[in-house]
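Please keep the view open as you read.

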Amino acid sequence: MKVVSHPARGVALGFLLAIVLGTLLLMLPAASAGGTSAPLIVAFFTSVSAVCVTGLVTVDTGTYWSTFGQLTIMVLFQLGGFGMMTAATLLGLMVNRSPRLRTRLMTQAETRTLGLGDVRSVARVVLVVTLLSQGVIAAVLALQMHFGHGLNWLEAGWSGLFHAVSAFNNAGFSIYADGLMRYAGDALVLVPIMVAIVVGGIGFPVLHDLKLRLHDPRHWSLHTKLTLVGTLILLTMGFCSTLLFEWDNVRTIGQFSIAEKVLNSMFISVSARTAGFNAVDIGALTHETWALHYFLMFVGGGSAGTAGGVKVGTVAVLVLLVLAEARGHSDTEAFGRRVGASAQRQAITVLALGSIMVVLGTLFLLRVTDFPTDQIIFEVISAFGTVGLSTGITAQLPASGQLVLTLLMFIGRVGTITLATSLVLGERRMPYRYPEEHPIVG
């Protein structure tokens, strides 16, 4: 059997290839604003962050990289968010209306659709939603940056396009050194970006389901219902908590009007779930808000979207499992449906392995740096959740620490996909069962 015969392996290799090519392009003298070749660690870290749609950087994107370099970064996070295998299948659909079974399986590994028959339809939704959303958001941002902030049309158009693509792909890259802090009071900039983040991060299977049955919620899939309800709960919780914790913090939203406090609390809640943009200084947030970020970043967005984290669906299944156990129910149920035992095992496995990666990454960085534990935890979860928010220590980490972050970013973007797909495709019934016994738990 060939190494890439498993669809999940093909996805991982596709991302690796994009990272290597991105590194080589960013090391070209034309990619840096100074006209010199970027160091390998800088180019590699930036390429991994872009392909894994994270947004963590060790150099300022707007000043260190030339227009060619910024364009390369944008293409990389477009590919990363779009999905290497999804993009490959879309190209195949354009030239051949009958893609091979293996190609369709590899696309399914990235889109996580429920049936092979849905791959073609979901791929079309990916293409249409991506281009339409990015085009509309880019136009809105460009108009506001030109008329509202005085940028010339070229600068406004490039800024609008870059941030629209970055937002939709939940990449968190910005061409401004202060992120979006200069637009903290501008709803016509922050709201379109929030819309792009939510649409891109909610997951293409959900968008596909809504496209088919928008006005018939009763027939939405259980995955769609859990993702939408879970997303609404997380956004509301993040908004209310941020508003409470930061209301009097003059270093963040405390200096704003009530309307601006509401706007920025909403933006923080949306961005914390893997988008990675900041309209206030993340390093100035209260420790309570940092702790809130730990949870939101670790959970992330919807499955098969541009967001990272362990995914809303995973946490929703675990919550339902806990509720069923607490009530003494033998089945895990929601919305009149029973959650399969295999989905429960997969959710537990993804959460456990994700937690292990965060713990190991934290221990390593604590070993090689002198930064406070809360900042290290923030950085590690941000990398694993492919968020990109930072308290400001990324560039100060030693090379070994930055390499650990690249590993976490790659695993966070690809590892959970590979793991879950391997579990699904590798599931089989054993011809025998061992005698049952109940060890003491709790």
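Rings of Phe, Tyr and Trp (its six-membered ring) pair if their centres lie within 6.5 Å; planes under 30 degrees apart count as stacked, over 60 as edge-to-face and the rest as tilted. Phe77, Trp158, Phe162 and Phe173 come together in one aromatic cluster.

Before going on, note that this is a predicted model, where local features need pLDDT of at least 70, side-chain atom pairs count only at pLDDT 80 or more, and totals for chains, interfaces and linings use all residues. Residues are numbered from 1 along each chain as its sequence is written, and side-chain values use heavy atoms, with hydrogens and water left out.

**Rings**

The structure holds nine aromatic pairs. One of them joins tyrosine 64 and tryptophan 65 edge-to-face, with 4.9 Å from centre to centre and 80° between the planes. Are these two residues buried or exposed, or something in between? Buried means under 20% relative accessible area, exposed over 50%, and partly exposed in between (1.4 Å probe, protein chains only). Tyrosine 64 is partly exposed because its relative accessible area is 26%, while tryptophan 65 is buried, with 2%.

A ring can also meet a charge: the charged end of lysine 261 sits over the ring of tryptophan 247, 4.0 Å from its centre. A charge counts as sitting over a ring if NZ of Lys or CZ of Arg is within 6 Å of the ring centre and within 35 degrees of the ring normal.

On a 1 Å grid over the protein atoms alone, a cavity is a set of points where a 1.4 Å probe fits but cannot get out; a pocket is an open set with protein on both sides within 12 Å along at least five of seven lines, and lining residues have an atom within 4 Å of a point. Grid points are joined across faces, edges and corners, and a volume is the space filled by probe spheres set on the points. There are three cavities of 30 Å³ or more.

| Space | Volume | Lining residues by kind |
|---|---|---|
| Largest cavity | about 80 Å³ | five nonpolar, five polar, one charged |
| Second largest cavity | about 50 Å³ | eight nonpolar, three polar, no charged |
| Second largest pocket | about 510 Å³ | eleven nonpolar, 14 polar, three charged |

Here Ala, Val, Leu, Ile, Met, Phe, Trp, Tyr, Cys and Pro count as nonpolar, Asp, Glu, Lys and Arg as charged, and the others, Gly among them, as polar.

Which helix gives the most to the lining of the largest cavity? That is helix H9 (residues 187–201), with three residues. Helices (H or I, at least four residues) are DSSP runs, numbered from the N terminus. For the second largest cavity, helix H12 (residues 258–271) gives the most, also three residues.

**Two residues of the largest cavity**

Arg273 and Asn170 are among the residues lining the largest cavity. Arginine 273 lies in the loop between H12 and helix H13 (287–299) and counts as buried because its relative accessibility is 8%. Leaving out residues up to four places away in sequence, arginine 273 touches several residues, including Asn170, Thr231 and Ala307; contact means heavy atoms within 4.5 Å.

Asparagine 170 sits in the loop between helix H8 (153–168) and H9, and is buried at 1% relative accessibility. Most residues other than glycine have a negative phi. Asparagine 170, though not a glycine, has a positive phi of about 55°.
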